[in-house]
Structure formats: structure tokens, C-alpha cells
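Hi everyone, thanks for coming along. Today I'd like to walk you through some ring contacts and the helices around them.

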Amino acid sequence: MSGVGVALITPFTPEGRVDYKALERMVEHVIEGGVDYIVALGTTAETPTLYLQERAVVARYIIDRTRERVPIVLGVGGNSTSEVLDQLREIDLRGASAILSVTPYYNKPSQEGLYQHFKVVSENSPLPIILYNVGGRTGVNMTAETTLRITRDFDNVIGIKEASGKIDQIQEILDRRPEGFLVLSGDDNIAIDVMRRGGDGVISVAANSFPKCFMRAINLAKEGRFEEADEAFKPLEEATRALFAEGNPTGVKCALAVMGLIHNRLRLPLVKGTASLQEHFENLIRKYDLC
């Protein structure tokens, strides 16, 4: 699970149903682009808007279409511990390599509550677990101490997607982690810096739309060629900022629609990007030859 995992989007038809033909195109697009693994049913997939039955079908569809060419990580999370256990029971996990489990959102649990939540998930998960810390979305930041406590106590917790944006916190985890524990950036724009500090890669939004360009930069970082990686990332800097200018996955879906891979359709309460954002992506893709 090192390198680049793409946080795969969920395409929708103009009527708002899951667009499975477009989903198959996306699977081929990112695999051909060289990603190391696929992360399905994460934040970028608009998973909170998917019914549990839809999540199960989407997960199975992606696993089947991937045909073991790259590993699959499935997002299994929620703001209720019992709901997470329901997902572990009801989603067919065969063919997946691990789950990505976000800190419970909205409830704002204490650090002890986070520990107890992941204790229960660990005891019930048949697959290795990658923690997902994204306080800007969940309302609570999981501290480095809690992360390290969890991984010390539960052998099947194998890594963390750290999207807190707190470099000092990420550095503390890197400095004190047990051997083999993965630290993955949750932010595209700091991925190379995290890897320079000893991190293992990134779970990326940008790899949906610009996988070849993104992989070029991250592969250089994997080889320790960080100055070359920074240089290779320069054409992506403006594009990655644009991906988040109107929120995620609004930006990445706008870019992918410009590229003709999907319909520019999201589920409420998310709405599609503005005409000015679409024009901006048209100009960026042409200027930097990002396709």
C-alpha cells in the first residue's frame, strides 16, 4: 500500500444513479495511468450519499473490473461504531486487501472514544485496517498519541491516511511509528514533502484526473529523487489547487467531465462546479498537457 492509492470517484448518470459504464472507464483510466492501488468508497466517492446496498454493489463492481491488476482498499466508516460493524458484515470484502476507516464524524468523540471505536473495529475486521484522520471533515482530530496507541495495541492496524494538514503531527507519527506502519499523506500538495520526511505515499484525489502526471512525480519521490519530484510536480500545482477550489469531489468531477470520462453530476447536497471552474480546467489541461 505504498506509493499512490487513488481515492476513486463514484460517477453518476444525469438522473443521479450510479453510472457503472463510467465507473469501468475510471478503473481503466487510473490503472493505465499507473496507480499503485485503488481506494473505493472513500470521501471522494461521495460515500455518505450512497445507500448501503449501493456501496456493496459499487465495491464488488470495482473489485471485479480491476481483475487483481492492483490491490483494492475499501472505505468502511461511519459516525456510529455499530454502523461500521454492519458494513463489515454486509459488504462482500472478498478480493479487497484492506479497509480504510475514517474517524467517526459529527459526534466529536474524545481521544478515548476514538481509541475504543477502533478497538471494536479492529476486533471485528477480517482485513487489515488503514486509519483515516481528516479533522476538517469529521470535526475531530486524532492526535499522534492516539494513532500510535492504536497501532501498538492492534496488530491489524497497518497504517494511516493523515489528512490533518498538521506537519508536526505527521512528523511525530513518522518518528515514533512501529516498523512497517504506513504513513500516507491525505493531501496531494504535501505528498512529496511527507515522503521526504519518511512517509510511504499518498491517497490521492488528483490521480483520478491526472494519473500519469501525478505518478511521474511520486515515482521519483519513491526513488528518493526529491528535487526531480518537485520539478515534475510543478505542472500539477495549479491544477491540484483548482481541484479543491470549490470543494472535493466537485473539482475532480468537473475536470473529469472536461476530459470526457464522466457526466458532471454529484448528489445533493453537493453540486457541480461553476462554469468558470470548468473553463479554468479546460485552460489548465491544454496549457500543461495534463491528459
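**Rings, charges and helix pairs**

Let's begin with arginine 65, which lies over the face of tyrosine 61, 4.0 Å from the ring centre. By "over" I mean that NZ of Lys or CZ of Arg is within 6 Å of the ring centre and within 35 degrees of the ring normal.

A word on the source: this is a predicted model, where local features need pLDDT of at least 70 and side-chain atom pairs count only at pLDDT 80 or more, while totals for chains, interfaces and linings use all residues. Residues are numbered from 1 along each chain as its sequence is written, and side-chain values use heavy atoms, leaving out hydrogens and water.

Now, how many aromatic pairs does a search of the whole structure find? Three. Rings of Phe, Tyr and Trp (its six-membered ring) pair if their centres lie within 6.5 Å; planes under 30 degrees apart are stacked, over 60 edge-to-face, and the rest tilted. Tyrosine 20 and tyrosine 61 have ring centres 5.0 Å apart and planes at 55°, so this pair is tilted. Tyrosine 20 belongs to helix H1 (residues 20-32) and tyrosine 61 to helix H2 (residues 52-66), so the pair ties together parts 41 residues apart in sequence. Helices here are DSSP runs (H or I, at least four residues), as are strands (E, at least two), numbered from the N terminus.

Are these two tyrosines buried or exposed? Tyrosine 20, at 26% relative accessibility, counts as partly exposed, and tyrosine 61, at 14%, as buried. Buried is under 20% relative accessible area, exposed over 50%, and partly exposed in between (1.4 Å probe, protein chains only).

The axes of H1 and H2 come within 10 Å and cross at roughly 45°; axes are lines fitted to C-alpha atoms, for helices over the stretch in contact, with angles from 0 to 180 degrees between N-to-C directions. H1 and H2 are therefore oblique to each other (under 35 degrees is roughly parallel, over 145 roughly antiparallel, 65 to 115 roughly perpendicular, the rest oblique). Residues in this contact (heavy atoms within 4.5 Å) include Tyr20 of H1 and both Tyr61 and Arg65 of H2.

On to another ring: the charged end of arginine 149 sits over tyrosine 115, 3.5 Å from the ring centre. Tyrosine 115 and phenylalanine 154 are both buried. As for the helices, H4 and H6 pack at about 25°, axes 10 Å apart, which makes H4 roughly parallel to H6. Tyr115 in H4 and Arg149 in H6 are among the residues that meet there.
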